[in-house]
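Subject: Handover of a structure

Dear colleague,

Please find the structure below, together with its sequence. I would be grateful if you would look through it before reading my notes.

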Amino acid sequence: MSIPLPVFIAIPLTTAFVLPMFGAKGKAAATVVANLATLSLLALAIACIGQSGVYEVGKWPIPLGINLVLDGLSSLMLLAIGVVAAGAMLFSAGYMERYTAKSKYLSLFLLMVAGMNGLVLSGDIFNLFVFLEIASLASYALVGFGCGHEELEASFKYMVLGTVASLFVLLAIALVYGNTGVLNMAYISKAVQSSGVNAGLGFALGLFIVGFGLKAALVPFHAWLPDAHPSAPAPISAMLSGVLIKTLGVYALARVVFNVFGVSVEVGWLLIVLGILSMVAGAFLAIGQWDIKRLMAYSSISQIGYVVLGIGLGALLLARGDSLAWASLAIFGGLFHLVNHAVYKSLLFLTSGSVEMSTGTRDLREMGGLAAKLPFTRTACTVASASIVGIPPFSGFWSKLILIIAAVQAHFYWIAAVIVFVSLCTLIMYLKVQRYAFLGELPENLERIEESRGTMRVAMVSLACLCVLMGSLVLVPGLRDAILEPAVKVLTDGVKYSAIAGM
Amino acid sequence: MPYALCFLLFVIGLYCAVVKKNMVKIVLGILIMECAVNLFLVMLGYRHDGVAPIIDRAYYDPGTGQIAAGFINNSVDPLPQALVLTSIVIGLGSLALMISICIRIYEKYGTFDITQIRRLRG
């Protein structure tokens, strides 16, 4: 294998600890270094497409040592993290100028990226927990970065629930270790296959679902998200909603359910129910919001529901032994929606940051007529809204279409109906954003505002272009076979994961 | 029996973190949960009348390079101890962050009571 896997962790980690040394005077230099780090991670993630491999840390043989595993799902997640981190970092260059401790912000940002990259590469379940905590701790600090009343309150709430979730995961890991005697995920999965899921392991699986469900903000574990995501600075909201809840929640959950424990009918139904609850409750709560970032945060809950629904449907079909093709299609839809949501939701949060920076408010009722004043922001926001609602040919349309086809083929017509209904709710909430923020009368106090320039504009425009082009991931067979199909195969292969990753 | 007590400790911590209104008590509840999980990990590796997992002359035969079977059968599992050390360090990091956020909130609001710290709603 050409690329040594630890560089994905080493680059952001080293940069994160070097950056605070630049101090107040070296702010510009620190920004450039941080941007170089995220861009090189994106380049490395692109270079990793289609590759797979195992790296033994410190040359300790498996299963004694810690190993890093690159497979299709990991490289898909690395790519999503790379794209969103590069976009958000570029946006931060301009946006974070008004905060005082910019180099500290940049190093926390990179620490979070290091944690997420480590989590998706980890092949060892305790190591997964360690990286989960690195990413979570950095995100708690970033949510409270503004140090205002609301930021601190949201950060405390997020931190209490996040720490409880981490402890659930740690307890589950302890139970798994007690029952199987290994920590390597491939070996655990082999041990689980031979012993079957006994009471202790079943309890551990329940703890994993609750713990990762809290991290993914699935309804009914979502209470922290609508406070935490709007309170963070806009690029961090983009990172949190775009990739953090997916990496820490959905990816870890899928990895544990599919590759370690193996799918079962009960878990499949549980994921479907959690997904549908999140979709419907998130969408209803979002429509009533007037704070633009809060509305988008609730819509994240709703969208994460789509991803979990797709994965859960796949798990159910696999466990029942139905046609593999439709199970793959459901998982394909879920994972494609995950990547799409990473791009368009981070773009939406960046545009909300641009609006907030220009107008000084997040309340939709105090805005209006911004289309003339903020043309780039408006275009980017419209493209992202069209994607999230699912208007062809934008990206969200394809992933929802695939989910609907999979649900119909599996004879779950009501699930297909729920998907369409929630899409309508999504249409209402983003029409509301368009109507109140960009159309209508311009209030008098906003007549002198100026649009953000430079890197912020570049970040928004490049993500908007990506939103339009994402459809090619499914329409161009070469790209589909290289990026999405390997990731789907990792999950449909299920416990055969041990064959690649351990031995 | 010790496992049940350990689980009880975990539940007490969870109760404390969920029910209490004072922020410092919530933090203490999380600490109790953390201690319960650490204790559970240590107990997994514990062996009654076991020996420390260090190979010394009594168990190692330099001539053949063999480790005595008695050592493998009697020694305590060292891996959970390593895990607990890692998890204690992580716990320390999150405790420091949590307490510093508590102090900043107290400076802003003048209270530790979470029922009075409610600017976010909806």
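The notes below describe what was found.

This is a predicted model, in which local features need pLDDT of at least 70 and side-chain atom pairs count only at pLDDT 80 or more, while totals for chains, interfaces and linings use all residues. Residues are numbered from 1 along each chain as its sequence is written, and chains are lettered from A and ligands numbered from 1 in the order in which they are written.

Confidence. The predictor gives the complex an ipTM of 0.93 and a pTM of 0.94.

Chain A as a whole. Chain A contains 21 helices and 2 strands; these are DSSP runs, helices being H or I of at least four residues and strands E of at least two, numbered from the N terminus. Its radius of gyration, taken over C-alpha atoms, is 21 Å, close to the 23 Å that the globule rule (2.2 Å times the number of residues to the power 0.38) gives for 503 residues, so chain A is as compact as a globular protein of that length. Along the principal axes, the C-alpha atoms of chain A fill a box of roughly 70 × 55 × 45 Å. Of the 503 residues of chain A, 62% are buried, a term that requires 20 or more other C-beta atoms, placed from the backbone, within 10 Å of the residue's own.

The core. The largest nonpolar core has 226 residues, and Leu171(A) and Leu347(A) touch the most other members. Such a core is a set of buried Ala, Val, Leu, Ile, Met, Phe, Trp, Tyr and Cys residues joined through C-beta atoms within 7 Å. H6(A) gives the most to this core, with 20 residues.

The interface. In all, 28 residues of chain A are in contact (C-beta atoms, placed from the backbone, within 7 Å) with 27 residues of chain B. Helix H5 (125-143) and helix H6 (149-180) of chain A each supply at least two residues of the side that touches chain B. The largest share of that side, 17 residues, comes from H6(A).

Helix H5(A). Of the 19 residues of H5(A), 17 are buried, so this helix is largely enclosed by the rest of the structure.

Yours sincerely

Technical notes: Contact = placed C-beta atoms within 7 Å. Buried ≥ 20, exposed ≤ 12 C-beta atoms within 10 Å, placed from the backbone.
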